[in-house]
Amino acid sequence: SPTGQPVGALYGLCLTLLNVLKTFKPTHTAAAFDRKEKTFRHAAYQGYKATRKKADDALVAQIIRARDVFAAFGIPTIDRKGYEADDIIGTLAVAAQKAHVPTVIVTGDQDTLQLVDTGTRVHMLRRGVKDTVTMGPEEVQERYGLRPSQMVDYKALRGDPSDNVPGVRGIGEKTATERLKRHGTLDGVYAHLDELPPAVRDKLAKGGTEARLSRELVTIHRAVPLRQGVSDLVF
(Lines give C-alpha, C1' and ligand atoms only; values in the text may rest on other atoms or scores of the structure.)
Protein backbone atom coordinates (compact mmCIF):
# COMPACT_ATOMS: atom_id res chain seq x y z
CA SER A 1 0.00 0.00 0.00
CA PRO A 2 1.13 3.66 -0.18
CA THR A 3 1.93 3.47 3.54
CA GLY A 4 4.10 0.39 3.09
CA GLN A 5 1.67 -2.20 4.47
CA PRO A 6 1.57 -5.60 2.73
CA VAL A 7 -1.75 -5.96 0.91
CA GLY A 8 -1.07 -8.50 -1.84
CA ALA A 9 -3.16 -11.24 -0.21
CA LEU A 10 -6.01 -8.81 0.47
CA TYR A 11 -5.92 -7.67 -3.15
CA GLY A 12 -6.16 -11.29 -4.26
CA LEU A 13 -9.06 -11.82 -1.87
CA CYS A 14 -10.91 -8.85 -3.37
CA LEU A 15 -10.40 -10.13 -6.91
CA THR A 16 -11.59 -13.58 -5.87
CA LEU A 17 -14.70 -12.20 -4.18
CA LEU A 18 -15.59 -10.05 -7.19
CA ASN A 19 -15.21 -13.06 -9.48
CA VAL A 20 -17.23 -15.37 -7.23
CA LEU A 21 -20.05 -12.87 -6.76
CA LYS A 22 -20.25 -12.29 -10.51
CA THR A 23 -20.16 -16.00 -11.32
CA PHE A 24 -22.62 -17.36 -8.75
CA LYS A 25 -24.79 -14.34 -7.89
CA PRO A 26 -25.41 -15.64 -4.35
CA THR A 27 -28.57 -14.95 -2.38
CA HIS A 28 -26.78 -15.70 0.91
CA THR A 29 -23.11 -15.37 1.91
CA ALA A 30 -20.81 -16.04 4.87
CA ALA A 31 -17.07 -16.28 5.46
CA ALA A 32 -15.82 -18.85 7.99
CA PHE A 33 -12.63 -18.28 9.98
CA ASP A 34 -10.39 -20.45 12.14
CA ARG A 35 -9.56 -19.19 15.62
CA LYS A 36 -6.23 -19.15 17.47
CA GLU A 37 -7.37 -21.55 20.20
CA LYS A 38 -6.87 -25.28 19.87
CA THR A 39 -9.87 -27.38 18.87
CA PHE A 40 -11.36 -30.73 19.81
CA ARG A 41 -9.03 -32.27 17.21
CA HIS A 42 -5.96 -31.14 19.14
CA ALA A 43 -7.49 -32.72 22.25
CA ALA A 44 -7.89 -36.01 20.38
CA TYR A 45 -4.37 -35.95 18.91
CA GLN A 46 -1.57 -33.75 20.20
CA GLY A 47 0.26 -33.99 16.89
CA TYR A 48 -2.60 -32.44 14.90
CA LYS A 49 -1.14 -29.71 12.62
CA ALA A 50 2.05 -29.85 14.70
CA THR A 51 4.31 -29.85 11.63
CA ARG A 52 2.90 -26.63 10.16
CA LYS A 53 5.31 -23.75 9.87
CA LYS A 54 4.39 -20.50 11.55
CA ALA A 55 2.73 -18.17 9.06
CA ASP A 56 4.64 -15.11 7.93
CA ASP A 57 3.80 -12.03 10.02
CA ALA A 58 2.87 -10.05 6.91
CA LEU A 59 0.33 -12.73 5.93
CA VAL A 60 -1.08 -12.99 9.46
CA ALA A 61 -1.67 -9.23 9.48
CA GLN A 62 -3.60 -9.51 6.21
CA ILE A 63 -5.68 -12.45 7.45
CA ILE A 64 -6.73 -10.29 10.40
CA ARG A 65 -7.66 -7.42 8.06
CA ALA A 66 -9.55 -9.82 5.77
CA ARG A 67 -12.51 -9.47 8.11
CA ASP A 68 -12.65 -5.79 7.16
CA VAL A 69 -12.70 -6.76 3.49
CA PHE A 70 -15.62 -9.12 4.02
CA ALA A 71 -17.44 -6.43 6.01
CA ALA A 72 -16.94 -3.98 3.13
CA PHE A 73 -18.49 -6.52 0.78
CA GLY A 74 -21.42 -7.01 3.15
CA ILE A 75 -20.42 -10.60 3.94
CA PRO A 76 -20.71 -11.69 7.60
CA THR A 77 -17.74 -13.49 9.17
CA ILE A 78 -18.28 -16.43 11.52
CA ASP A 79 -15.99 -18.31 13.90
CA ARG A 80 -16.57 -20.55 16.91
CA LYS A 81 -14.24 -21.45 19.76
CA GLY A 82 -13.21 -25.12 19.68
CA TYR A 83 -14.05 -25.59 16.00
CA GLU A 84 -12.41 -24.95 12.64
CA ALA A 85 -13.73 -22.98 9.68
CA ASP A 86 -14.56 -26.24 7.87
CA ASP A 87 -16.90 -27.26 10.69
CA ILE A 88 -18.71 -23.93 10.38
CA ILE A 89 -18.95 -24.43 6.61
CA GLY A 90 -20.33 -27.93 7.08
CA THR A 91 -22.92 -26.71 9.57
CA LEU A 92 -24.04 -23.88 7.29
CA ALA A 93 -24.25 -26.24 4.32
CA VAL A 94 -26.59 -28.52 6.26
CA ALA A 95 -28.71 -25.56 7.37
CA ALA A 96 -28.87 -24.24 3.80
CA GLN A 97 -29.94 -27.63 2.50
CA LYS A 98 -32.78 -27.74 5.03
CA ALA A 99 -33.81 -24.27 3.85
CA HIS A 100 -33.64 -25.44 0.19
CA VAL A 101 -30.81 -23.02 -0.59
CA PRO A 102 -28.22 -24.51 -3.02
CA THR A 103 -24.71 -24.07 -1.66
CA VAL A 104 -21.32 -23.31 -3.21
CA ILE A 105 -18.29 -23.66 -0.93
CA VAL A 106 -15.42 -21.45 -2.11
CA THR A 107 -12.14 -22.83 -0.77
CA GLY A 108 -8.68 -24.10 -1.51
CA ASP A 109 -9.11 -26.98 0.95
CA GLN A 110 -9.90 -30.42 -0.43
CA ASP A 111 -11.24 -31.55 2.96
CA THR A 112 -14.56 -29.93 2.09
CA LEU A 113 -15.15 -32.38 -0.77
CA GLN A 114 -16.76 -34.69 1.80
CA LEU A 115 -19.60 -32.13 2.00
CA VAL A 116 -20.46 -32.36 -1.70
CA ASP A 117 -23.92 -33.66 -2.59
CA THR A 118 -26.73 -32.80 -4.99
CA GLY A 119 -27.30 -29.46 -3.25
CA THR A 120 -23.71 -28.58 -2.34
CA ARG A 121 -20.78 -27.98 -4.68
CA VAL A 122 -17.19 -26.97 -3.98
CA HIS A 123 -15.62 -24.17 -6.02
CA MET A 124 -11.94 -25.08 -5.63
CA LEU A 125 -9.38 -22.28 -5.83
CA ARG A 126 -6.04 -23.43 -7.19
CA ARG A 127 -3.70 -20.76 -8.54
CA GLY A 128 -4.78 -17.28 -9.37
CA VAL A 129 -8.28 -15.88 -9.53
CA LYS A 130 -9.41 -17.79 -12.62
CA ASP A 131 -7.67 -21.14 -12.07
CA THR A 132 -10.65 -22.79 -10.42
CA VAL A 133 -12.84 -25.86 -10.74
CA THR A 134 -16.37 -26.38 -9.45
CA MET A 135 -17.01 -29.91 -8.21
CA GLY A 136 -20.29 -31.68 -7.67
CA PRO A 137 -20.77 -35.41 -7.00
CA GLU A 138 -19.93 -36.40 -10.59
CA GLU A 139 -16.72 -34.34 -10.68
CA VAL A 140 -15.52 -35.81 -7.36
CA GLN A 141 -16.23 -39.31 -8.65
CA GLU A 142 -14.39 -38.60 -11.88
CA ARG A 143 -11.35 -37.03 -10.18
CA TYR A 144 -10.90 -39.46 -7.28
CA GLY A 145 -12.85 -42.53 -8.34
CA LEU A 146 -14.82 -42.24 -5.10
CA ARG A 147 -18.09 -40.79 -3.90
CA PRO A 148 -17.90 -37.61 -1.78
CA SER A 149 -19.06 -39.61 1.24
CA GLN A 150 -15.97 -41.81 0.87
CA MET A 151 -13.49 -38.94 1.02
CA VAL A 152 -13.30 -39.09 4.83
CA ASP A 153 -12.30 -42.75 4.80
CA TYR A 154 -9.90 -42.08 1.93
CA LYS A 155 -8.00 -39.59 4.08
CA ALA A 156 -8.31 -41.87 7.10
CA LEU A 157 -6.35 -44.50 5.17
CA ARG A 158 -3.77 -42.36 3.35
CA GLY A 159 -3.44 -39.59 5.94
CA ASP A 160 -2.94 -35.90 5.33
CA PRO A 161 0.61 -34.55 5.71
CA SER A 162 -0.57 -30.92 5.57
CA ASP A 163 -2.48 -31.41 8.85
CA ASN A 164 -0.14 -34.12 10.21
CA VAL A 165 -2.97 -36.65 10.13
CA PRO A 166 -1.17 -40.02 10.33
CA GLY A 167 -3.36 -42.38 8.30
CA VAL A 168 -2.04 -45.93 7.89
CA ARG A 169 1.71 -46.14 7.44
CA GLY A 170 2.55 -47.45 3.98
CA ILE A 171 -0.94 -46.97 2.52
CA GLY A 172 -1.01 -44.43 -0.31
CA GLU A 173 -3.61 -42.95 -2.63
CA LYS A 174 -3.79 -45.95 -4.97
CA THR A 175 -4.30 -48.59 -2.30
CA ALA A 176 -6.74 -46.43 -0.34
CA THR A 177 -8.83 -45.85 -3.47
CA GLU A 178 -8.75 -49.51 -4.54
CA ARG A 179 -9.83 -50.76 -1.12
CA LEU A 180 -12.67 -48.25 -0.79
CA LYS A 181 -13.91 -48.96 -4.31
CA ARG A 182 -14.12 -52.62 -3.37
CA HIS A 183 -15.39 -52.43 0.21
CA GLY A 184 -17.11 -49.04 0.41
CA THR A 185 -16.04 -47.77 3.82
CA LEU A 186 -13.16 -47.92 6.28
CA ASP A 187 -15.11 -50.40 8.39
CA GLY A 188 -15.76 -52.44 5.26
CA VAL A 189 -12.05 -52.54 4.47
CA TYR A 190 -11.24 -53.79 7.96
CA ALA A 191 -14.03 -56.36 7.80
CA HIS A 192 -12.31 -57.97 4.78
CA LEU A 193 -8.65 -57.96 5.77
CA ASP A 194 -8.42 -61.70 5.09
CA GLU A 195 -9.04 -61.02 1.39
CA LEU A 196 -6.03 -58.73 1.00
CA PRO A 197 -2.46 -59.49 -0.04
CA PRO A 198 -0.31 -60.20 3.05
CA ALA A 199 1.75 -57.01 2.82
CA VAL A 200 -1.32 -54.74 2.61
CA ARG A 201 -3.17 -56.76 5.25
CA ASP A 202 -0.29 -56.39 7.71
CA LYS A 203 -0.05 -52.62 7.20
CA LEU A 204 -3.76 -52.16 7.74
CA ALA A 205 -3.81 -54.47 10.76
CA LYS A 206 -0.97 -52.57 12.42
CA GLY A 207 -2.49 -49.19 11.58
CA GLY A 208 -6.08 -49.78 12.65
CA THR A 209 -5.92 -47.41 15.61
CA GLU A 210 -4.31 -44.68 13.51
CA ALA A 211 -6.91 -45.13 10.75
CA ARG A 212 -9.83 -44.65 13.13
CA LEU A 213 -8.15 -41.70 14.83
CA SER A 214 -7.49 -40.14 11.42
CA ARG A 215 -11.13 -40.60 10.46
CA GLU A 216 -12.12 -38.68 13.58
CA LEU A 217 -9.66 -35.89 12.78
CA VAL A 218 -10.70 -35.38 9.15
CA THR A 219 -14.46 -35.64 9.64
CA ILE A 220 -16.09 -32.22 9.32
CA HIS A 221 -18.62 -31.61 12.08
CA ARG A 222 -21.97 -30.40 10.83
CA ALA A 223 -23.72 -29.39 14.04
CA VAL A 224 -21.62 -26.51 15.40
CA PRO A 225 -23.70 -24.30 17.71
CA LEU A 226 -23.92 -21.03 15.78
CA ARG A 227 -25.78 -17.83 16.53
CA GLN A 228 -26.40 -17.22 12.84
CA GLY A 229 -28.98 -19.04 10.77
CA VAL A 230 -29.52 -19.02 7.01
CA SER A 231 -31.94 -16.10 7.30
CA ASP A 232 -29.14 -13.99 8.83
CA LEU A 233 -26.92 -14.47 5.79
CA VAL A 234 -29.01 -12.82 3.08
CA PHE A 235 -26.65 -10.94 0.78
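Buried means under 20% relative accessible area, exposed means over 50%, and partly exposed lies in between, with a 1.4 Å probe and protein chains only as cover. The model is predicted, so that local features need pLDDT of at least 70 and side-chain atom pairs count only at pLDDT 80 or more, while totals for chains, interfaces and linings use all residues. Residues are numbered from 1 along each chain as its sequence is written, and side-chain values use heavy atoms, with hydrogens and water left out.

**Exercise 1.** Classify Gly170 and Asp163 as buried or exposed.

*Solution.* Begin with the location: Gly170 is found in the loop between helix H6 (151–158) and helix H7 (173–183), where helices are DSSP runs (H or I) of at least four residues, strands are E runs of at least two, and both are numbered from the N terminus. Gly170 has 51% relative accessibility and therefore counts as exposed. The C-alpha atom of Gly170 is separated by 8.1 Å from that of Arg158, twelve residues apart along the chain. Next, Asp163 is found in the loop between H6 and H7, and because its relative accessibility is 6%, Asp163 counts as buried. Leaving aside neighbours within four places in sequence, Asp163 is in contact (heavy atoms within 4.5 Å) with Gly47, Tyr48, Lys49, Arg52 and Asp111.

**Exercise 2.** Describe how helices H1 and H3 pass each other, and list the residues that make the contact.

*Solution.* The axes, which are lines fitted to C-alpha atoms over the stretch in contact, with angles from 0 to 180 degrees between N-to-C directions, come within 8 Å and cross at roughly 35° for H1 and helix H3 (residues 57–72). The contact is made by Gly8, Ala9, Leu10, Leu13, Cys14 and Leu17 of H1 and by Leu59, Gln62, Arg65, Ala66, Val69 and Phe70 of H3. The crossing of H1 past H3 is right-handed, that is, the near helix is turned clockwise from the far one by less than a right angle.
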